[in-house]
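Here is a quick tour for anyone opening this structure for the very first time. Keep the picture at hand and follow along, section by section.

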Amino acid sequence: MDKETLLTRKRYNRTSKFYDIMDRMIKPDLRKKILKQVKGKVLEVGVGTGKNLEYYPPNCDITGIDLSPGMLERAKERAQKLKITVSLLEMDAQNLQFPEGSFDTVVATCVFCSVPDPIKGLEEIKRVCKPRGKVILLEHVRSDNPLLGKIMDLLDPLTVRMIGSHINRRTVENITKAGLRIRSIEDQNIQILKLLTGVKQKVLERGRKYLITTALILSDPEFESILLPFYITECQR
């Protein structure tokens, strides 16, 4: 674990004592809206103090990871009070200890503002998400307003030292750089808080190949004997 990651863990161990107060910016209705989309085997990255746990649909197999032991301790207490079965693990989002394609849904709420290398963390959630799985992120980002964006840049070193989070991350761009395809972006009251859903680019690429193959076969049946075996092979990869 590098120096910056260790420092991030230390900061969040400190803020874990009052993090629930800070986390009030995410209203219960928004948590419900986010978590009703999850299904199957779910990974929550940056589970924090477990504020999302009570909003998960029944029959989800939930794993929550966090860098901070202090956060996890409070999440375990909350899970016990709610009588929710969840696997809570200390883990770095930049180095997830799960095999490729382990989860149907990966979710994170206001997490990638604090991951030291956000692109590496996003690449990791792409890796552990199943090929046809879904990634759901709620993130605050740098404002597109030139003046407000500059103010956020100036304040960022202070917020990092005080609470551990960067307020000027360009998370939408980072998601694309990590190889995830964004399907939807929804501003939440203020444009710096965004709800994003994404999938692996490979899934959409396969869909594109299917459409092209279908169009060619329909235009000339002779293409079927050439292209159909190729497409079937591609889908099985």
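## Ground rules and overall picture

Helices and strands here are DSSP runs, numbered from the N terminus: a helix is H or I with at least four residues, and a strand is E with at least two. This is a predicted model, where local features need pLDDT of at least 70, side-chain atom pairs count only at pLDDT 80 or more, and totals for chains, interfaces and linings use all residues. Residues are numbered from 1 along each chain as its sequence is written, and side-chain values use heavy atoms, with hydrogens and water left out.

The protein has 9 helices and 7 strands. Of its 237 residues, 47% count as buried, where buried means under 20% relative accessible area, exposed means over 50% and partly exposed is in between (1.4 Å probe, protein chains only). The protein exposes about 13100 Å², and carbon and sulfur atoms supply 55% of that area; accessible areas come from the Shrake-Rupley method with a 1.4 Å probe, and for residues only the protein chains shown count as cover.

How much of the contact list comes from residues 24 or more positions apart? Such pairs account for 66% of the contacts with a separation of 6 or more, a contact being heavy atoms within 4.5 Å.

## Helix α1 and its two sides

Let's start with α1, residues 3-15. Its 13 residues should span 18 Å at 1.5 Å a residue, and the end C-alpha atoms are 19 Å apart, which agrees. The expected span is 1.5 Å times one less than the number of residues in the helix. At the start of α1, a side-chain oxygen of Asp2 comes within 3.1 Å of the backbone nitrogen of Glu4. That kind of polar contact is a pair of N or O atoms within 3.5 Å; within protein, one must be able to donate a hydrogen and the other to accept it, and residues adjacent in sequence count only if both atoms are side-chain atoms.

Which residues of α1 are buried? They are Thr5, Thr8, Arg11, Tyr12 and Thr15. These residues cover an arc of only 120 degrees around the axis, which puts them on the same side of α1; the arc is that of the directions from the helix axis to the C-beta atoms. As background, an α-helix has 3.6 residues a turn, so residues three or four places apart point the same way. On the other side of α1, Lys3 and Lys10 are exposed. The cover over the buried residues of α1 includes α2 (19-22), α4 (69-82) and α6 (146-163).

## Two loops with positive phi

Lys83 sits in the loop between α4 and β3 (87-90). Its phi is near 60 degrees, a positive value in a residue other than glycine. With 77% relative accessibility, Lys83 counts as exposed.

Cys110 is in the loop between β4 (103-109) and α5 (118-128), and its phi is near 55 degrees, again positive in a residue other than glycine.

## Helix α5 and its neighbours

In α5, the buried residues are Pro118, Gly121, Leu122, Glu124, Ile125 and Val128. Seen down the axis, they fall within an arc of 155 degrees, so they line one face of the helix. They pack against β1 (41-45), β4, β5 (129-140), α7 and β6 (180-188).

From α7 (residues 171-177), take Asn174. This residue is buried, with a relative accessible area of 10%. Leaving aside neighbours within four places in sequence, Asn174 is in contact with Pro118, Ile119 and Leu122.

## A buried lysine

Lys200 lies in strand β7 (residues 190-200). Is Lys200 buried or exposed? It is buried, with a relative accessible area of 12%. Not counting residues up to four places away in sequence, Lys200 touches Lys126, Arg127, Cys129, Lys130, Pro131 and Leu180.

A polar atom of the Lys200 side chain lies 3.1 Å from the backbone oxygen of Lys126, and one lies 2.8 Å from the backbone oxygen of Cys129. The C-alpha atoms of Lys200 and Lys134 are separated by 8.1 Å, though these residues are 66 apart along the chain.
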